[in-house]
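Biologist: I'm new to this one. Can you walk me through it?

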Amino acid sequence: MSKESPIFVENLCRKFGSLSAVDNINLEVAAGQIFGFLGPNGAGKSTTVRMLTTLMTPTSGRARVAGYDVVSEADMVRRSIGVALQDAAIDPIMTGRELLKLQAVLHGVSRKRSKVKSEELLERVGLKGASDKRVAQYSGGMRRRLDLAMSLIHEPTVLFLDEPTTGLDPTSRSALWDEVRRLNKEFGTTVLLTTQYLEEADQLADRIAIIDGGSIVREGRPATLKEAIGDPTIRIEVGEKNVEAAALALTALGPRRPSLQGRIALGLRGGGENMAAAVRALDDAGIQIFHIELDPPSLEDVFAEATGRRLEGSEKDGHE
Amino acid sequence: MMLSIVGIAGRGVIRTIRMPSVLIQSVFFPTFFFVIYIGLYAGVITLGGFGTSSIENWYVPFMMLQGASFAGIGVGFSTSLDISNGFFDRLMMSPVSRIAILVGSIFGGLLRALFVSTVVLAVGLIFGARPTSGIMGFFWLYTAVVGMCLASSCWALGLVYRFKDQRIAPLFPIGVFMALFTSTAQVPLNVSTGWLQTIAQRNPVTEVLGLARQSFMDVGVTSAETIDGLIALLLIVLSLGAFAWSGLRRYLG
Amino acid sequence: MVMSSAQIKAVAARSVRGVIRQPQAWVPSLAFPLFFTALSSAAFEKTRAIPGFPEVSSFVAFLLAATILQGVMFGSTSAGTDVAIDIESGFFDRFLASPISRLSLVFGRLAGTVLLAAMQALLFTVILMCFGATMRGGISGLAVTLLVAGFLGGAVGAFAVTVGLHTGSVEAVNGFFPIFFALVFLSSAFFPPQISGGWFEVVASINPLSTMVDGMRHLHIVGWDFAKAASAVVVSAVLFFVFVGTSLVALSARIKK
């Protein structure tokens, strides 16, 4: 592995008592990449980010961010990174502009530069009109955008976004995605993004790592990971009591994949060509079909295949 | 580092100004209790041994220190809030030295303490307290005010850095209350009895009160009282400062 | 809807259970008065020598009535904060949506508060008697003490419930705390006003809490006196009924909202 990569993690562990929140993870993020760190709540995403952003000391292993060690050169790491935390950690009593100014002072940005940069960032994240209002009056989306602006005031080379869109409405979410893309494209900022949304990782990330139970279970480009899954997923709604019978009837057609209650999902060997065979098999078994769909391999399938279960709150939950 | 301290302290000042209810509360209690105590215990002064024949003179310095101490623990409350909403993590992720974070946070409380104690002093003067020792008396009085604010800030911060939880907040005032009231806050050593007398003799706050009260005592400022008070104050501030500092270092654990 | 004793009992039981299960709500109202009593008795023991101080065996004996008053007044506001919490959380609407009598919502809660206040007074009496407090009025003196504590707890509880029902805000109920503080301190609870003299003596003499304290204190340190006992009971009972009245008005306003 190259030690010049903006993020380089080797055998990183963090224990809380006997519990391993992060268990021996390795990863490397290349310069200018958007890296998606995907996993359910409690998987170890935030603990990893806290270690990489110097907020927590690793139990063992090491990590370098922007070329500096997160333990022995924590101060240099802090100078090089921008962080937008989960829940937009901002003081509601202060105004957006005051918070930007404070952040600039904390990062040693000169007063002149801070003024120019604040205006530019406020414009950029669409908060110019609200910059003198107290943050308590901001909507969730506005807070996240301010948080992003604050994390950029000192022009960091590495940006950490910890679940940046959790709790946001679809419009605000897509606006934030656009901004992250623009940043990455225009300034070549390396971004490590943690998320529990498959769609977010799919939309934004050049590479992703799936973390589960403190360990990285898959890592690679989303397209490559999806390709590796191979067959598309067929999802058939058969009613709760018929799921096992349907599974038996479809055994020959492909391996079963995790699905919602009352449905059966499997990786359909041969893809669309075998869809009719699946319908026939269920018909022969006297099982009624309420709904059927065939999807190309998705990150959800990658996650399911890697962990043996579906990701809570994944986009498919809403659609199926 | 200076700029960072100013930045963090400035935020403390902005918060104080924008949350007047907190400021009003920190002024209300010491002034209210001052007025109550001088009325309620007016007759107690006849026992003698207080170093003054004015109950107002006896209570003003104590109430100023009480106001300053409670203003100090306000720093703990706002930091516990910052920790719960994640803002404190933002400070910790900035390249600012940890000492600047500690000093900057305390500074906001210090300004509040000076304001509160000055209001209490003004009320005391209105109600009849009469200073006896001129500028030097006031100098040591305000030294004690600043010291007690620093001490109580460090006490609250030490707890909040260690426990990282707002539920620890009720302990802030309890600690301050215990430390203040088990001293010569209400009556001098020769008037107190039993366990209180035993503890008050050993409680360094007694010496700090001695330092502060010089401005209103009949004998005025004496070097013995000043030196004892300063040593006690230094001891309290340094030990609680170490408590806060080690808590901050442990925060990242 | 008829108010049944079972309903009052159920609401009272919930209120008592709620208090017991939240030690943070009742420990301070036990610990602080006791700490303050310990502190004041050690600080002011020698003031018994000041001319005009009532004949009493110890400062602790003098402070028994004050300890009860302080504990009951601070402990009983939880009735109001509980109502406000129920309103804030929507639990109060669940009560309203049930066939339970509206009156039992208030009476049930106050029954719980009265019971807890009397228990608190008994506990303080027992503890302070171990440290030198006396009950010269005997069993009748104790009974009157518990009765006054119960009425006072009920009165404070009903006042807090009134505020809780009117505002539906815990903050608003707690906002009255300094007023209770002031009332207790501006009475004869902690020091004989005749020694304090000046404006304090005037204020303490018109504070109804002083009548209660003086009545109870006489039973504690002197002996049985019907007139003193009656005045304490009457004042606390009047306060109780007045504030129960205001809480019922507030309840009807809340139901109409």
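Modeller: Below we go through the chain contacts, then a few local features. Keep in mind that this is a predicted model.

Biologist: Let's start with chains A and B. How many residues are in contact there?

Modeller: On the chain A side, 29 residues are in contact with 23 residues of chain B. Together the two chains bury about 2,400 Å². Carbon and sulfur atoms carry 58% of that area.

Biologist: How many salt bridges are found across that interface?

Modeller: The rule finds four between chain A and chain B. One of them pairs A:Glu98 with B:Arg18. Their closest N and O atoms are 2.6 Å apart. As for polar contacts, six residue pairs count between chain A and chain B.

Biologist: Which elements of chain A give two or more residues to that side?

Modeller: Helix H2 (74-80), helix H3 (96-106) and helix H5 (140-152) of chain A. H3(A) has the largest share, six residues.

Biologist: And how do the residues on that side divide?

Modeller: The side of chain A that touches chain B has 14 nonpolar, six polar and nine charged residues.

Biologist: Now chain C and chain B. How much do they bury between them?

Modeller: About 2,300 Å², with 80% of it on carbon and sulfur atoms. Three residues supply 23% of the area that chain C buries against chain B: C:Leu39, C:Phe44 and C:Lys46. That is more than any other three residues. In terms of contacts, 25 residues of chain C meet 29 residues of chain B.

Biologist: Which helices of chain C each supply at least two residues?

Modeller: For the side touching chain B, they are helix H2 (23-44), helix H9 (177-185), helix H10 (193-196) and helix H11 (198-206) of chain C. H2(C) gives the most, with ten residues. By type, the side of chain C that touches chain B has 19 nonpolar, four polar and two charged residues.

Biologist: Switching topic. I clicked on B:Ser183. Where is B:Ser183 placed?

Modeller: B:Ser183 is in a loop of chain B, between helix H7 (171-181) and helix H8 (194-202).

Biologist: Is B:Ser183 buried or exposed?

Modeller: B:Ser183 counts as buried because its relative accessible area is 3%, and the cut-off for buried is under 20%. Leaving out residues up to four places away in sequence, B:Ser183 touches B:Leu196, B:Ala200, B:Asn203, B:Val205, B:Thr206 and B:Leu209.

Biologist: Back to chain A, then. What order do the four strands of the open sheet take?

Modeller: E12-E13-E11-E14 in chain A, with antiparallel pairing. The edge strands are E12 (256-257) and E14 (291-295) of chain A, and each pairs on one side only.

Biologist: How many bridges join E11 to E13 in chain A?

Modeller: Five, between residues 233-237 of E11 and residues 263-267 of E13 in chain A. Take A:Glu237 as an example: its bridge partner in E13(A) is A:Arg263.

Biologist: Last one. How many residues of helix H1 in chain A are buried?

Modeller: Six of the eight residues in H1(A), which spans 45-52. They are A:Lys45, A:Thr47, A:Thr48, A:Val49, A:Met51 and A:Leu52.

Biologist: And which residue with a positive phi follows H1(A)?

Modeller: A:Thr54, with a phi near 70°.

Methods. Residues are numbered from 1 along each chain as its sequence is written. Chains are lettered from A and ligands numbered from 1 in the order in which they are written. This is a predicted model: local features need pLDDT of at least 70, side-chain atom pairs count only at pLDDT 80 or more; totals for chains, interfaces and linings use all residues. Side-chain values use heavy atoms; hydrogens and water are left out. Buried means under 20% relative accessible area, exposed over 50%, partly exposed in between (1.4 Å probe, protein chains only). Contact means heavy atoms within 4.5 Å. Two strands pair if DSSP finds at least two bridges between them. Buried area is the accessible area (1.4 Å probe) that two parts lose on being put together, summed over both. Ala, Val, Leu, Ile, Met, Phe, Trp, Tyr, Cys and Pro count as nonpolar, Asp, Glu, Lys and Arg as charged, and the others, Gly among them, as polar. A salt bridge is a side-chain nitrogen of Lys or Arg within 4 Å of a carboxyl oxygen of Asp or Glu. A polar contact is a pair of N or O atoms within 3.5 Å; within protein, one must be able to donate a hydrogen and the other to accept it, and residues adjacent in sequence count only if both atoms are side-chain atoms.
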